[in-house]
Amino acid sequence: MDITTHLETLTDDDARAFRKVIRLLKAQPEAEPSPDLHNRIAAQLPAQRKMPPFWKWTIGVAASLTVLLGVARVLQHRSPTENGDIRWLAENQETDGTWNPARHGGAEPFRPALTALSLLALREANGVGGHTGQIAKGLSALERLQTVEGAFGGDGGQSQLYNLAITTYALATCEADNATLSRAVTHIGTSQQPDGSWTYTQEGNAAVTAWMTRALVCAEAQGVVEARVPLRKGLRWLRDNVRDDGRMAYHPASAPSDTLTALSAHSLIVAGKTFPDLQALGIRMADALNTQPSAAAPSDCYRDYAKIIAFESAGNTASADAIRNQIRQRPPAAHDQWGVAGGQVYTVALTTLSRAH
């Protein structure tokens with residue numbers, strides 16, 4: 001039984017105590033094997049069973065290797081950033097199944113969306129670590145957070161729409177309860193503008209619209225028929241707002257960006273299985289993306305994740321891997337411009353998804 005599976009069998013109080021012990025153990029300095037370890041082991045053997053020097057040396061080496069291998073296992077568990085991020089997410093799930101951004105430098109209104117991103121990250125790592133119990137607990141938490149109308153809370157238009165889009169995508173991806181998913185999709189439809197976009201301002205918003213269409217594509221694939229009409233209207237709005245150079249802006253009148261171009265490209269490409277002309281447009285948009293950000297560009301997990309999913313959906317794995325290499329070279333504590341909204345939950349979840357996608 002691995003640690004994660006063991007934790008799932010404990011009560012909430014026992015699980016917290018167990019995690020505390022693990023953190024204390026990890027804080028201890030690494031032990032070095034004593035230089036005379038083999039001599040002390042040999043000295044404990046009965047006199048009549050003293051071994052010749054060769055075997056004495058062999059026992060010493062074997063004992064030393066055992067200690068070193070134990071240290072190596074600890075380092076292997078601790079060192080890779082990929083495993084560390086997954087472990088951090090697993091250890092910081094709240095007892096109610098959510099992830100609380102306010103405890104990690106983020107904003108409370110985005111709790112549903114950040115819980116959804118964390119579940120998606122754990123799901124991507126499920127083949128390695130096994131987090132099925134925590135994913136089920138998180139899905140149950142999202143179901144409890146859902147309102148009668150199908151929304152997932154927030155303190156205004158921005159957080160409410162991102163919560164709805166990202167949470168619906170996670171529910172569809174993780175194959176959650178169909179009634180919960182259907183209510184969310186229905187609410188997406190009622191939140192749509194007459195022109196096919198979603199927005200919390202006066203103009204259509206490419207970021208929210210791209211997330212909504214991505215969620216609807218996945219929901220339709222799960223058999224939710226309510227996704228069909230709002231999906232086609234949303235795709236039409238994205239298609240009609242692509243610039244001649246293949247780029248997309250936040251609003252029709254604002255400057256284009258790589259992040260929004262990438263998000264929109266991905267939505268058009270994955271929907272292109274049904275609409276081939278949209279797939280060709282999405283691939284052209286992915287081709288317009290810059291692999292390297294400008295020297296003045298701040299760290300941006302959101303941009304990196306968007307570009308990776310766009311490149312991969314377009315079949316350009318080399319460019320996706322180039323972005324991953326940039327992520328690996330970045331300091332673990334690098335500031336992210338959207339950290340004020342999502343905190344460490346957002347940074348860790350999106351970085352994990354970027355590596356694993």
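Predicted model: local features only at pLDDT ≥ 70, side-chain atom pairs only at ≥ 80, totals over all residues.
Ground rules. Residues are numbered from 1 along each chain as its sequence is written, and side-chain values use heavy atoms, without hydrogens and water. Local features need pLDDT of at least 70, side-chain atom pairs count only at pLDDT 80 or more, and totals for chains, interfaces and linings use all residues.

Entry 1, α6 and α8. I looked up helix α6 (residues 111-124) and helix α8 (residues 132-145); their axes come within 10 Å and cross at roughly 155°. Helices here are DSSP runs (H or I, at least four residues), numbered from the N terminus. Axes are lines fitted to C-alpha atoms over the stretch in contact, with angles from 0 to 180 degrees between N-to-C directions. The pair is therefore roughly antiparallel (over 145 degrees). On α6 the contact (heavy atoms within 4.5 Å) uses P112, T115, A116, L119, L122 and R123, and on α8 it uses Q134, I135, G138, L139, L142 and L145.

I then took helix α9 (residues 157-173), whose axis comes within 8 Å of that of α6 and crosses it at roughly 30°. That makes the two roughly parallel (under 35 degrees). From α6 I listed P112, A113, A116, L117, L120 and R123; from α9, Y162, N163, I166, T167, Y169, A170 and T173.

I found 1 cavity of 30 Å³ or more. A cavity is a set of points on a 1 Å grid over the protein atoms alone where a 1.4 Å probe fits but cannot get out; lining residues have an atom within 4 Å of a point. The lining of the largest cavity is W237, N241, R243, M248, A249, H251 and P252.

How values were computed
1 Å grid on protein atoms, 1.4 Å probe; cavity = no way out; pocket = protein on both sides within 12 Å on 5 of 7 lines; lining within 4 Å. Points joined across faces, edges and corners; volume = space filled by probe spheres on them. Parallel < 35°, antiparallel > 145°, perpendicular 65-115°, else oblique.
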